[in-house]
Amino acid sequence: MATGKINVSVENIFPLIKKFLYSDHEIFLRELVSNATDATLKLKHLTGIGEANVEYGNPIIEVKIDKENKKLHIIDQGIGMTAEEVEKYINQVAFSGAEEFLEKYKDSAKDAGIIGHFGLGFYSAFMVAEKVEIITKSYKDEPAVHWICDGSPEFTLEPAEKSERGTEIILHIAEDSTEFLEDYRVRELLKKYNKFMPVPIKFGTKKETLPKPEDAPEDYKAEEIEIDNIINNPEPAWTKQPGDLNEEDYKAFYHELYPTQFDEPLFNIHLNVDYPFNLTGILYFPKLSADLQAQKDKIQLYQNQVFVTDNVEGIVPEFLTLLRGVIDSPDIPLNVSRSYLQADGAVKKISNYITRKVADKLKSLFTENREDFEKKWNDIKIVLEYGMLSEPKFYEKAGAFMLYPTVDNKFFTLDELKEKIAPAQTDKDGKLVVLYASNKDAQHSYIAEARDKGYEVLLLDSPIVSHLIQKLEGDNENLTFARVDADHIDKLIKKDDEQISKLNDEEKEKLKTVLEEIVPKSTYTVQLEAMDSQAAPFRITQPEFMRRMKEMSATGGGMFGMGNLPEMYNLVVNTNHELTGNILSTDDKEHREALVKQALDLAKLSQNLLKGEELTAFVKRSFELIK
């Protein structure tokens, strides 16, 4: 058996770093500005603990374009480097100065906000530059140095004339990357990745008008001065304590995050945890549009105020991806290029925490101001229903604030609803029957009948309601849900005063035979029911189970394996209605068929099932009847 060490050739690894380290070349600016931020924060920490005997002051990071000479400069006033440190941190690939710093000062620097980890970020510069220079002077009393490399393993290191501490990175932009010499492009990247970095970032200057003095003459001309154009907000709202912010602060930050959104968020949830992991952030509940897919991927993920991605799948529970806001955590495991999440046990813990925090906030909003919570219900219900279906931990807590609205705009929790409808709404097996409508207009006649009998009817109109009520029934043994048009109301709910049919058994059999000769058997099952003589003669219902399975299959992407289920309906015929007697007694076969078709079409019309050729024939027949 032989053992040994694998040798990595610098000549081979350098092109790989340049070409494959980062999925997108624009990341180079994020990395270099992050390095400048680290250098500044390190100095802040060392001056704070007395190890750096210098004035920290008010340092900034400056990004400058020299378009004529095809150069891009990133300048900081941070800790700087000695010649020895350049050798150590720049000339050794993947030696992270940030990681070493954090290890050395692990007790005092844990909250310093140091970003770097892998020590590869600097080399992203070679993805867009044909040559890179570093001019740097350490905060220590040592000479400045000048490092130059053209992207090969060869470099030069020599003394420099720089007198002020800090580091200047100079990128000689390659011909295939000249887009990064354009002001708009660099500004775009700084706004995207560095908008909330903890150190002010200067990009150019802007004019500012001085305020008019109180004793200024009438012909006073306002004076303009040039000031630094600071492109970022170093202290975004999520870095502050909730007690230091008011509602207007949260709304202002929402519009800072989403400058093209003109709506106001419904409410926010401020996340702030330091054990067993560090995480801060603010989540906003927006008003949801009909296109839920377009609502997704609006939450921004940061690591120490550096933008990482707006694809937060995994760290944020899926049902909350419809929200907006920011999550920032130094403990989120990222791949080496800081571009996407890596699978890790910490991710699930963070996801569980966010779920719990959102549930707790919703409960407190419900408890503190139920009336306001009810007003916002229609804008947030789809998120909560989705959460109940997809997250067991959320489902456990949701019973305390999940609302079930009625068609007349009353709101109940499930426990309140059970108390309200018991014992009036029970079936023959003693189960409580929750009646609901999915469309107030389409099911108006069914709702009216139920309300006339004194029953409560919920309005459950979200696209995933079939999945939700299936789960609720599974967890509540003595509860069943039925849509108001699922069957005749007296079949759904036990009645003491059952109607007696005016027809005898022989007449019923004859009527059923007549109807089945005219009504399409492939679509309708004829059912004879004794109802009030004033109730509709024909009524179409769809068996609750079949309709629910169709809806669940449609919204679940065929998750139930049933494919396209056939359209099956019940034709419920009122044996006590005058029309039914007329159909049975007429000897004119053509007239009888016309009566049945007209009554069937009217029933179909009430369920929005009459369309196309059938609707045209119905209109023509109706005019003939009234002529």
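Modeller: What follows starts with helix H16 and then moves to other parts of the chain. Keep in mind that this is a predicted model.

Start with the length of H16. The helix covers residues 505–518, which is 14 residues.

Next, its two sides. Leu511, Val514 and Leu515 are the buried residues of H16. Viewed down the helix axis, these buried residues fall within an arc of 95°, so they line one face. The face turned away from the buried side carries exposed residues: Asp505, Glu506, Glu509 and Glu517.

What covers the buried residues? The cover includes three strands, namely S19 (524–529), S20 (538–541) and S21 (569–574). It also includes helix H18 (578–585) and helix H19 (589–606).

The N-terminal end of H16 has a cap. Asn504 provides it. A side-chain oxygen of Asn504 lies 3.1 Å from the backbone nitrogen of Glu506. Glu506 is also one of the exposed residues on the outward face.

H19 leads on to another point. The loop between H19 and helix H20 (612–626) holds Asn608. Asn608 has a positive phi of about 60°, although it is not a glycine. Most residues other than glycine have a negative phi. With a relative accessible area of 51%, Asn608 counts as exposed, because the cut-off is over 50%.

Asn409 is a second case. Its phi is near 65°, again positive in a residue other than glycine. Asn409 sits in the loop between strand S14 (404–405) and strand S15 (411–412). Its relative accessible area is 57%, so Asn409 is exposed.

The backbone has another feature to check. Ala422 and Pro423 are joined by a cis peptide bond, with omega about -5°. Most peptide bonds are trans. Pro423 lies in the loop between helix H12 (414–421) and S16.

Strand S16 brings us to a sheet. The sheet is open and has three strands in the order S17-S16-S18, with parallel pairing. Its edge strands are S17 (457–459) and S18 (479–483), each pairing on one side only. From one strand to the next, the twist averages 40°. S16 covers residues 432–437, and five bridges join this strand to S18. Within that pair, Val434 stands opposite Phe481 of S18. Helix H14 (residues 465–475) packs on the sheet and touches S16 and S18. The direction of H14 makes about 155° with that of S18.

Now a residue elsewhere. Lys357 is found in helix H8, residues 345–368. Lys357 is partly exposed, at a relative accessible area of 29%. Neighbours within four places in sequence aside, Lys357 is in contact with Ile269, His270 and Leu271. Lys357 and His270 are 87 residues apart in sequence, yet their C-alpha atoms are 8.9 Å apart in space.

Last, the chain as a whole. It has 20 helices and 21 strands. Of its 627 residues, 48% count as buried. Take the contacts between residues at least 6 apart in sequence: 70% of them join residues at least 24 apart.

Note on methods:
Residues are numbered from 1 along each chain as its sequence is written. This is a predicted model: local features need pLDDT of at least 70, side-chain atom pairs count only at pLDDT 80 or more; totals for chains, interfaces and linings use all residues. Side-chain values use heavy atoms; hydrogens and water are left out. Two strands pair if DSSP finds at least two bridges between them. Helices (H or I, at least four residues) and strands (E, at least two) are DSSP runs, numbered from the N terminus. Axes are lines fitted to C-alpha atoms, for helices over the stretch in contact, and angles run from 0 to 180 degrees between N-to-C directions. Contact means heavy atoms within 4.5 Å. The expected span of a helix is 1.5 Å times one less than its number of residues. Buried means under 20% relative accessible area, exposed over 50%, partly exposed in between (1.4 Å probe, protein chains only). The arc is that of the directions from the helix axis to the C-beta atoms. A polar contact is a pair of N or O atoms within 3.5 Å; within protein, one must be able to donate a hydrogen and the other to accept it, and residues adjacent in sequence count only if both atoms are side-chain atoms.
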